[in-house]
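Take a moment to bring up the structure and turn it around. We will walk through it together, one part at a time.

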Amino acid sequence: MAVLNKKSFKLPFVDKEKFVLLLRLGLDRNQGSYCIKSYNNIEKLVDTISSILKAEKIVFLQTCSICGKDFPCSDCKYYESCATKDLPFHCVCPQCLKEGRLCEEYAESNDK
């Protein structure tokens, strides 16, 4: 299993054809590292990265929508029932869920 941060991760050298495919699938390259700029083809992108890294499974860290912290899906109590687990999306971290920040953020957004 390979754990990647969607904001910046490294890949080994790939041939031109594979590099172009990665860019078409939604990766962006900046100073030797990659980041995800488009999620339109995320399943195909994950499969391609997995084949490049020769990893059975690729896991991306989630970014908390409330506090901005990166965390692994495996820390969440909803991991087994989540439809988007391990994909590079935003979510709410276990700490913010535990502290009830989600309810506070929702109430503040409705007050505006």
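Phe 89 is partly exposed, because its relative accessible area of 25% falls between the 20% limit for buried and the 50% limit for exposed. Keep in mind as you look that this is a predicted model. Tyr 39 is also partly exposed, with a relative accessible area of 31%.

How many aromatic pairs does a search of the whole structure find? The search gives 3. A pair of aromatic rings is described by how far apart the centres are and by the angle of the planes. In the pair of Phe 9 and Phe 60, the ring centres are 6.1 Å apart and the planes stand at 70°, so this pair counts as edge-to-face. Phe 9 sits in the loop between strand 1 and helix 1, while Phe 60 is part of strand 4, so the pair ties together parts of the chain that are 51 residues apart in sequence. Both Phe 9 and Phe 60 are buried. Tyr 39 and Phe 89 make a tilted pair, with 5.5 Å from centre to centre and 45° between the planes. Here too, distant parts of the chain are linked: Tyr 39 lies in the loop between strand 3 and helix 2, Phe 89 lies in the loop between strand 6 (70-71) and strand 7 (90-91), and the two are 50 residues apart. Ring pairs also join Phe 9, Tyr 34 and Phe 60 into a cluster.

Now step back to see the whole chain. Its secondary structure consists of 4 helices and 7 strands. Starting at the N terminus, the elements follow the order β-α-β-β-α-β-β-β-β-α-α. The chain has 112 residues, and 34% of them count as buried. Among contacts with a separation of 6 or more, 58% are between residues 24 or more positions apart. The accessible surface of the chain is about 7500 Å², and carbon and sulfur atoms account for 51% of that surface.

Next, find the strands. Strand 2 and strand 3 pair in the antiparallel sense, over 4 bridges. In this pairing, Asp 28 is opposite Cys 35 in strand 3. The hairpin formed by strand 2 and strand 3 has 2 residues between the strands, and Gln 31 there takes a positive phi near 50°.

Strand 5 pairs with strand 6 in the antiparallel sense over 2 bridges, and Gln 62 stands opposite Phe 71 in strand 6.

Stay with strand 5 (residues 62-64) for a moment, where you will find Thr 63. Is Thr 63 buried or exposed? Thr 63 counts as buried, because its relative accessibility is 6%, and buried means under 20%. The Thr 63 side chain makes a polar contact of 2.9 Å with the side chain of Asp 70. Setting aside neighbours within four places in sequence, Thr 63 is in contact with several residues, including Lys 6, Lys 7, Gly 68, Asp 70, Phe 89 and Cys 91. So Phe 89, the residue we began with because it is partly exposed at 25%, turns up again among the contacts of Thr 63.

Finally, turn to helix 2. Helix 2 (residues 42-53) has 12 residues and spans 16 Å from its first C-alpha to its last, close to the 16 Å expected at 1.5 Å a residue. Its buried residues are Ile 42, Leu 45, Val 46, Thr 48, Ile 49, Ser 50 and Ile 52. What do the buried residues of helix 2 pack against? Their partners are strand 1 (2-4), helix 1 (16-25), strand 2 (27-30), strand 3 (33-36) and strand 4 (58-60).

Ile 52 is buried, with a relative accessible area of 11%. Not counting residues up to four places away in sequence, Ile 52 touches Leu 11, Pro 12, Val 14, Lys 18 and Leu 22. Ile 52 and Leu 11 are 41 residues apart in sequence, yet their C-alpha atoms are 7.7 Å apart in space. Just after helix 2 comes Lys 54, which takes a positive phi of about 55°.

Note on methods. Residues numbered from 1 in each chain as written. Predicted model: local features only at pLDDT ≥ 70, side-chain atom pairs only at ≥ 80, totals over all residues. Heavy atoms only, no water. Expected span 1.5 Å × (residues − 1). Buried < 20%, exposed > 50% of the residue type's maximum accessible area, 1.4 Å probe, protein only. Contact = heavy atoms within 4.5 Å. Areas by Shrake-Rupley, 256 points an atom, 1.4 Å probe, with all protein chains shown as cover. Polar contact = N/O pair within 3.5 Å; in protein donor to acceptor, adjacent residues only side chain to side chain. Pairing = 2+ DSSP bridges. Phe/Tyr/Trp six-rings, centres within 6.5 Å; stacked < 30°, edge-to-face > 60°.
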